Amino acid sequence: MEQNFYLSLLLLFVSFITLSLFFLFYKHKSSFTGPNLPPGKVGYPMIGESFEFFSTGWKGHPEKFIFDRMSKYSSEVFKTSLLGQPAAVFCGAVGNKFLFSNENKLVTAWWPESVNKVFPSSLQTSSKEEAKKMRKMLPNFMKPEALQRYIGIMDTIAQRHFESGWENRDEVLVFPLSKKYTFWLACRLFLSLEDPNHIARFDDPFKLLASGIISMPIDLPGTPFNRAIKASNFIRKELLLIIKQRKIDLAEGKASPTQDILSHMLLTCDENGTYMNELDIADKILGLLIGGHDTASASCTFIVKYLAELPHIYDGVYKEQMEIAKSKAPGELLNWDDIQKMKYSWNVACEVLRLAPPLQGAFREAINDFIFNGFSIPKGWKLYWSANSTHRNAKYFPEPEKFDPSRFEGSGPAPYTFVPFGGGPRMCPGKEYARLEILVFMHNLVKRFKWEKVLPDEKIIVDPMPIPAKDLPIKLFPHKA
């Protein structure tokens, strides 16, 4: 009798599991039913093709996921399932143009739910709404004419950075040093923070935050996602202290209304005359600090990598930068005219951004049903554009694996093919800021050193940005005075 009872329980359990799996598979498949959907593969329920999508990056070749499916299904658009969502991947210049040109008409920005949990807005609006507010506010600070006055500050910080972290050393790790440089700049220009000890308090929390933003959203002790949430809360508390002190300093005339983005946020109201509260400002500054240093540090690191591998490219950059250095009086800082002379250096940086884009791509969401390239895209589907679908495509860049800065001479690449900063209304508002911090870094680096890689075949991991697996150790060879 007891044996029959346990057998019945086992059968009931097996039946429940079978029905649950059937329901999951049915629901998963039904998300991809409809007339004339793009070709593609949808993978398993909940997982979809997420593992394949991320694992090609972990192996250092994120473009493989895209190109394998472009050749198998369609060179313009294919369906898949990513992060538990039905998705269409738009490829090539035509796909980029369509998504960038239809922002807020047919598509809108989308982030995984994990991003909203790591960056909770104090007003309980979505990260999408908060991003819109930021994009209205940033242009006053990020346009070239506004940034010109910061070039001298950038040069001063770069000089201090190289004196403290690079000089009198035989060997250094480039990636951590690049992060230190770009974070120091972001803290100074966004918050007027200059005390190295104060800035250092943010180091570890920002590392945890960066590694957990696009991790599996499992909020259990010890997981990257859980550590990212804790780090986000710690940073936000620190920022609130800075914000409260700045309000006092502004009231007492000890701080300038135009000295940085923080002052601007505190003193700017919306169309209804409402000022942002402190928690809201802390959230936005947190997002700016992430965006303002993470991607640029990856770019600076890969510039060092490619200049070590390509001596003739290094020589061209060195020649250009030394002509500028020799034109300066002792102690004179870089200025806007100097930056404008760095044409070859910026072409080199652009070629690095083509081959190792810090932003691999981004998601959108369909806000209406629409047709693209003859295929139906249902409302609610997530849409992904990939920089590599054009950057490493011979159709747009002949011999795509070859490092060739001349691609950016004259009018440069065709529209919608070179997209390291995105495009359309959502093009990265910090594009010009990134250009300046990268060029100031290159100037201060090459005028001091030549270098070589310690690990000639160091593996590159893309998770979600490209990073050298061992932080790119290099041997330094200072120029003789």
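In this predicted model, five strands make up an open sheet with mixed pairing, in the order S1-S2-S8-S5-S3. Strands S1 and S3 (107–109) lie at the edges, each pairing on one side only. Direction ignored, neighbouring strands of the sheet are turned by 35° against each other on average.

Strand S1 (residues 77–82) pairs with S2 in the antiparallel sense, over six bridges. Within this pair, Thr80 has Ala87 of S2 as its bridge partner. The two strands form a hairpin with two residues between them, and Leu83 in the turn has a positive phi of about 55°. Strand S2 (residues 85–90) is mostly covered, with five of its six residues buried.

Strand S2 also pairs with strand S8 (residues 382–386), here in the parallel sense and over four bridges. Phe90 is bridged to Trp385 of S8 in this pairing. Strand S8 is joined in turn to strand S5 (residues 361–366) by five bridges, and these two strands run antiparallel. The bridge partner of Glu365 in S8 is Lys382.

Among the helices, H12 (residues 203–212) has Pro205, Phe206, Leu209 and Gly212 buried. These residues are on the same side of H12, because they cover an arc of only 140° around the axis. In general, an α-helix has 3.6 residues a turn, so residues three or four places apart point the same way. The buried residues of H12 are covered by elements that include helix H5 (113–118), helix H10 (174–191), H13 and H15.

The axes of helix H13 (residues 224–251) and helix H15 (residues 278–309) come within 9 Å and cross at roughly 115°. The crossing is right-handed. By class, the contact of H13 with H15 comprises 10 nonpolar, one polar and five charged residues.

Technical notes. Residues are numbered from 1 along each chain as its sequence is written. This is a predicted model: local features need pLDDT of at least 70, side-chain atom pairs count only at pLDDT 80 or more; totals for chains, interfaces and linings use all residues. Side-chain values use heavy atoms; hydrogens and water are left out. Axes are lines fitted to C-alpha atoms, for helices over the stretch in contact, and angles run from 0 to 180 degrees between N-to-C directions. A crossing is left-handed if the near helix is turned anticlockwise from the far one by less than a right angle, and right-handed if clockwise. Ala, Val, Leu, Ile, Met, Phe, Trp, Tyr, Cys and Pro count as nonpolar, Asp, Glu, Lys and Arg as charged, and the others, Gly among them, as polar. Buried means under 20% relative accessible area, exposed over 50%, partly exposed in between (1.4 Å probe, protein chains only). The arc is that of the directions from the helix axis to the C-beta atoms. Contact means heavy atoms within 4.5 Å. Two strands pair if DSSP finds at least two bridges between them.
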